[in-house]
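User: Hi! Please walk me through this structure, and spell out the cut-offs as we go.

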Amino acid sequence: MRLLVSACLLGVGCRYDGQSNQLPQLEQLLKQHTCIPVCAELFGGLPTPRVPAERQGNRVVTRDGDDVTEAFVRGTAEVLRLADLYHCRAALLKERSPSCGSGQIYDGTFTKTLTLGDGLTAQMLKKHGITVYGESQIEELIGSRPFFFSI
Ligand code: SF4
């Protein structure tokens, strides 16, 4: 299937610290799905490396106190546009990120404390009916191939 995938999971060094979160199962994922790399933070115009940010309610704020909500909203709109353009019905996104996190994110205190909630991009994708998987659920995407008997 066509899958939106957090670019950092595909090996792109777009994390706030310039590193990636390349998946150990990347080769298998690419064999089974057409992956569209997306990074809402870069799409929104933020640089790499950049000061880390966390959600504080409807705002996204950097550790230095700068409000970067506008960039996150702009980047999310671009991800939604690509989801539509490529007819993606599912996304595999980096867990705990203020953009890509799904189900649990950092709580806005920059103390590595998790709280229930979604990153802005994950939230909007779900709102548009796109199923969001985190990287800990990757087996659901690569372990679901039909089993063929050879005769
Ligand atoms: Fe990775 Fe998403 Fe953060 Fe970009 S916005 S670095 S894709 S987690």
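Analyst: Happy to! A polar contact here is a pair of N or O atoms within 3.5 Å; within protein, one must be able to donate a hydrogen and the other to accept it, and residues adjacent in sequence count only if both atoms are side-chain atoms. This is a predicted model, in which local features need pLDDT of at least 70, side-chain atom pairs count only at pLDDT 80 or more, and totals for chains, interfaces and linings use all residues. Residues are numbered from 1 along each chain as its sequence is written, and side-chain values use heavy atoms, with hydrogens and water left out.

User: With which side chain does the side chain of Lys94 make a polar contact?

Analyst: Lys94 sits in the loop between strand S5 (90–93) and strand S6 (104–106); helices (H or I, at least four residues) and strands (E, at least two) are DSSP runs, numbered from the N terminus. Contact means heavy atoms within 4.5 Å, and among the residues that Lys94 touches, not counting those up to four places away in sequence, are Ser6, Cys8, Asn21 and Cys100. Its side-chain polar contact, at 2.9 Å, is with Glu135.

User: Does Lys94 count as buried or exposed?

Analyst: Buried means under 20% relative accessible area, exposed over 50%, and partly exposed in between (1.4 Å probe, protein chains only). Because Lys94 has 13% relative accessibility, it counts as buried.

User: Which residues are closest to the ligand?

Analyst: The shell holds 13 residues, each with a heavy atom within 4 Å of the ligand. It divides into six nonpolar, three polar and four charged residues; Ala, Val, Leu, Ile, Met, Phe, Trp, Tyr, Cys and Pro count as nonpolar, Asp, Glu, Lys and Arg as charged, and the others, Gly among them, as polar. The closest are Cys8, Cys14, Cys39, Glu41 and Cys100.

User: Which side chain does the side chain of Ser102 pair with in a polar contact?

Analyst: Ser102 is also a residue of the loop between S5 and S6, and it is partly exposed because its relative accessible area is 24%. Beyond four places away in sequence, Ser102 touches Gly117, Asp118, Ala122, Lys126 and Val132. Its side-chain polar contact, at 2.9 Å, is with Lys126.

User: Which residues of helix H4 are buried?

Analyst: H4 spans residues 120–127, and its buried residues are covered by elements including strand S1 (2–6), helix H3 (69–85) and strand S8 (131–134). After H4 comes Gly129, whose phi is positive, near 80°. The buried residues of H4 are Leu120, Thr121, Ala122 and Leu125.

User: How far apart in space are Ile142 and His33?

Analyst: Ile142 lies in helix H5 (residues 138–142) and is buried, because its relative accessible area is 4%. Leaving out residues up to four places away in sequence, Ile142 touches Gln25, Gln28, Leu29 and Gln32. Ile142 and His33 are 109 residues apart in sequence, and their C-alpha to C-alpha distance is 8.5 Å.

User: Is the peptide bond from Thr48 to Pro49 cis or trans, and what is omega?

Analyst: Pro49 belongs to the loop between H2 and S3. The bond from Thr48 to Pro49 is cis, with omega near -5°.

User: What is phi of His87?

Analyst: His87 lies in the loop between H3 and S5, where it counts as exposed because its relative accessible area is 60%. For this residue other than glycine, phi is positive, near 55°.
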